[in-house]
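Subject: Structure handover

Hello,

Here is the structure I promised to pass on. Please open it and keep it beside you while you read.

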Protein chains: 2
Amino acid sequence: MPTRLTRLFVRTLRDDPADAEVASHQLLLRAGYIRRQAPGVFAWLPLGLRVKARIEAIIREEMDAAGAQEVHFPALLPREPYELTGRWEEYGDGIFRLQDRKGADYLLAPTHEEVFTLLVKDLYSSYKDLPLTIFQIQDKYRDEARPRAGLLRGREFTMKDAYSFDASDAGLDASYQAQRDAYERIFARLGLEYVIVQADAGAMGGSRSEEFLHPTPIGEDSFVRSAGGYTANVEAFTTVAPPTRDYAGLTPAEVLDTPDTPTIQTLVDVANAKHPRPDGRAWTAADTLKNVVLALTHLDGTRELVVVGLPGDREVDMKRAEVAFAPAEIEAATEADFLKHPGLVKGYIGPWSPEGAVLGEESATGIRFVVDPRVVEGSGWITGANSDGKHVFGLVAGRDFDADGVVEAAEVKEGDPAPDGSGPVHLARGMEIGHVFQLGRKYADALGLKVLDENGKLVTVTMGSYGIGVTRILAAIAETTHDDRGLLWPKEVAPFDVHVVATGKDAVAFDLAEKLCAEFESAGHDVLYDDRPKVSPGVKFGDAELLGVPIIVIAGRNAADGVVEFWDRRSGERRDVPASEVAALLG
Amino acid sequence: MPTRLTRLFVRTLRDDPADAEVASHQLLLRAGYIRRQAPGVFAWLPLGLRVKARIEAIIREEMDAAGAQEVHFPALLPREPYELTGRWEEYGDGIFRLQDRKGADYLLAPTHEEVFTLLVKDLYSSYKDLPLTIFQIQDKYRDEARPRAGLLRGREFTMKDAYSFDASDAGLDASYQAQRDAYERIFARLGLEYVIVQADAGAMGGSRSEEFLHPTPIGEDSFVRSAGGYTANVEAFTTVAPPTRDYAGLTPAEVLDTPDTPTIQTLVDVANAKHPRPDGRAWTAADTLKNVVLALTHLDGTRELVVVGLPGDREVDMKRAEVAFAPAEIEAATEADFLKHPGLVKGYIGPWSPEGAVLGEESATGIRFVVDPRVVEGSGWITGANSDGKHVFGLVAGRDFDADGVVEAAEVKEGDPAPDGSGPVHLARGMEIGHVFQLGRKYADALGLKVLDENGKLVTVTMGSYGIGVTRILAAIAETTHDDRGLLWPKEVAPFDVHVVATGKDAVAFDLAEKLCAEFESAGHDVLYDDRPKVSPGVKFGDAELLGVPIIVIAGRNAADGVVEFWDRRSGERRDVPASEVAALLG
């Protein structure tokens, strides 16, 4: 039996909903696939649910092929396991917390590392039980500050999350590779372009981490790639530091008047005008050392100021800085911070002054001073002299000042050299659609997951974590395949294989359409049938384009002659075909 | 590829877990189907998930056959819709509430009437769009005070909930019947015994409500049935009142001393000893009018005392009283309540005293007085005289006192007459596995769901609500089909169709088992293969019995002769069969 549009629970909208900012969101709403319930929380209508189910089926098949076994955890979980790993606190405002009637703490789980670990601990005890990879397809919750772009960043979303358990590092490598390969197969089947980029392993304590990014201008992630094959999330990009230089023979640092130069541009202008470079070339922003004050909030709630020194032609990239300073949260220092630290002269901060260092842990202020990798020993800089309207020229790293550390917090720029020597990188935007992650022993350590090895000795299990955003993938496919008339699904995930449309007032067309529906269905195709009696062909075609089934078959004008129109929605080609031959075209 | 026990994520337990009180819970834990995460919250292991998926598939098929369309709502929903229908308050402690980072109120939905109603309102506007029945299979949340019996009363559980929308009452009847028929087909396919009982429509405002109860001694519901076919949940049972009597000529009421008779039994004894019945028969408890003080807490928080008068041979059934007084919450009056109302003389309360009525809305105390339907006009009673150690004899309803109303709050007893005249009822216990419910226009009214009728006039939509507890059904099947050696699934829901066991050390047995697995799989059967190399036959057989796959095929001793053992787990029959013939036995 085909699904009839007269009965299907759907209603198309002519206009784009006001609150939908990206095409996939607009079209999924207009075509009646989803409806918003709350910010970042959606209901699935029959058409949307069909697409989602097909994506899930593909993921399940590939998980099965990779030897992963399906389980299912609740979303509602008790606080204790997350307390043991520290994540109850670490998530901050990012998760939904609640209490039951007895006052016990629960959360709506954002990911399930803890309880998977505990489940394996409950069931298994020997290396012989391993390797094990278990997964679930399940609704997850994150209390995003800014849910956006419909399904692309939701507060309730469906994920496939898998976890691997191995007794050895080599085992983890193999389990990781199996999931990574499965992800490649999944995205290939879904027809979804992706780039695998190095990702930051961050505070998770793992050794290897890669993201599957779908390149798209509306993506929230920035990544780089070089012609030579290097790819990385900008958070994971590592700067190529220039060689250190011999500073013997360099002239001593000199404090010069640079009135009204609180910004790099004003500083460069004044320097070129008043203190030209001895070699005659012009000073550029890259010759200056910019010192940016960040405020860190540590997990225990304490606030710490840190100054980041970086070449003046680069801004601090807050996402890279976030990773660099994790798990602390960061923000730009506030006026209040400056008021508390009168030693920090806004616009004229530097690591050195004639009165002695004002930055660095051993300085009077005790404010940590960390630098970009480009600030190598022997490099000379124009930088603040910690005095209003004054800068110091020719301040040499390693000779005149030392940093408390090196930090990857500067923005990555188009043309920066890839760290593997494969050439300059290009910047692009992408959407994270998958993530594979070697967790290592962090969770097993925290939760006591050990097994007996070949020698009867207890060893801590090493783990991997592998996520795919099901609902995000659906939106990404919609985003990348739509055209200006509507959705346009690849046939692997389309809600129906073929959309049959009967037009006109002539019963012959409807009878033929019914016959074709029956024929297609018995050949194993899922059929949507627009059987609406009093709707104009124009409206029917418009709806067909909006709904996005890739093949449309129209029984209309020429139905009496046994001829139908075959419409390939993707190529746009429409041609008349004898009704008897159309089934063969469905493939 | 068969599922191999060497790789399947499962571990069987020899002993019953301490905290599992019913057989289904014990066995699902022991056989590695589920694991507890928090009170009433469980994770599903691969075997459990397979059974659950099969039950869901059957439900989906029957919903589809009944013309219902699948949608999917989030569990996390905003407060507003539930506020509009009053359920945000009504649920009291029974739901999980939470706030997001902006302080907005949310709940984890226990059922979804509100949002389904709003979704239909969003999409539809004409009677031509109706009838519509939409459903979801989804995880629901209730903050039960006492989660118990494993999956039977959980705090997170999977339900199929369907909602029907019609423009007319006749339409609702048809939609209701379609779901009711689908439920009968579902339970028949699941092999799950059920009784359809009248249920109380209660505060939901609906006109018709039936429960599907699975008769089981561990059920939480009591129901009655008569030989003549009457069935009802005890909450919905209606008492057959005796005929009213003519009280002309009855002797006047008389207050008599009945010292130390605070209970019905002491009262009957003293009455028979000191004040024998004029006709010589003995007084019985049924001759007394017991007046029970209940405290109602109304939705607005106010507390009200109500006295329920009922024959002394019956107790108040708090569940029936709860329904009778809904949506108020009830409890027995406390000492504090009595202290506040000195007119209520504990043990000697009655509707009448020589000084005038102490009960009834028009009395001095103003305490509402409601009576059991058996307290008909002309019936005479021994009851309290509102004075310590005194009762009044021959107090006649309608002559000496009037009640403020009639209430169905007395317990139902074995042998009570069915209200439809079909004979005495028998009491039994059951577990609610399904519920069909005519909601009528309550939700559509509250949320403004109207459509245009044939005449272009706006009419309010009438709705039905239909629930099946998926996880509860799974537990009910386990509970009803298990034996003392383990689970024993009907083949419609078994996690595998056949469990192949290879025993011994001889490679021949394992080779034959592999061959059979491949043969069974290619014939379309799901195969579990116990390929564990060093496990004794006894342990393997014990695990096979515990796991509960209905057919077990053993390649062991006689494998070299091409003979296997075919074990029908249900009948217990084990017989040797040529390996070449065993596939045909799988059916």
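Predicted model: local features only at pLDDT ≥ 70, side-chain atom pairs only at ≥ 80, totals over all residues.

Start with helix α2 of chain A, residues 46–65. Its partner is helix α11 of chain A, residues 470–481. Two packed helices are described by the angle between their axes and the distance between the axes. Here the axes come within 10 Å and cross at roughly 115 degrees.

Which residues of α2(A) meet α11(A)? They are G48(A), V51(A), K52(A), I55(A), E56(A) and I59(A). On the α11(A) side, look for V470(A), T471(A), I473(A), L474(A) and I477(A). By class, this contact has 7 nonpolar, 2 polar and 2 charged residues.

**The sheet**

Next, find the open sheet of 5 strands in chain A. The strand order is β17-β15-β16-β18-β21, and the pairing is mixed. Its edge strands are β17 (329–332) and β21 (405–406) of chain A, each pairing on one side only.

Helix α8 of chain A, residues 318–325, packs on this sheet. The helix touches β15, β16, β17 and β18 of chain A. Its direction makes about 140 degrees with that of β17(A).

Now look at β15 (residues 289–297) and β16 (residues 303–311) of chain A. These strands run antiparallel, and 9 bridges join them. For one facing pair, find L294(A): V306(A) in β16(A) stands opposite.

Best wishes

Methods. Residues numbered from 1 in each chain as written. Chains lettered and ligands numbered in written order. Heavy atoms only, no water. Axes fitted to C-alpha atoms, helices over the stretch in contact; angles between N-to-C directions. Helix = DSSP H or I, 4+ residues; strand = E, 2+ residues; numbered from the N terminus. Contact = heavy atoms within 4.5 Å. Nonpolar A, V, L, I, M, F, W, Y, C, P; charged D, E, K, R; others polar. Pairing = 2+ DSSP bridges.
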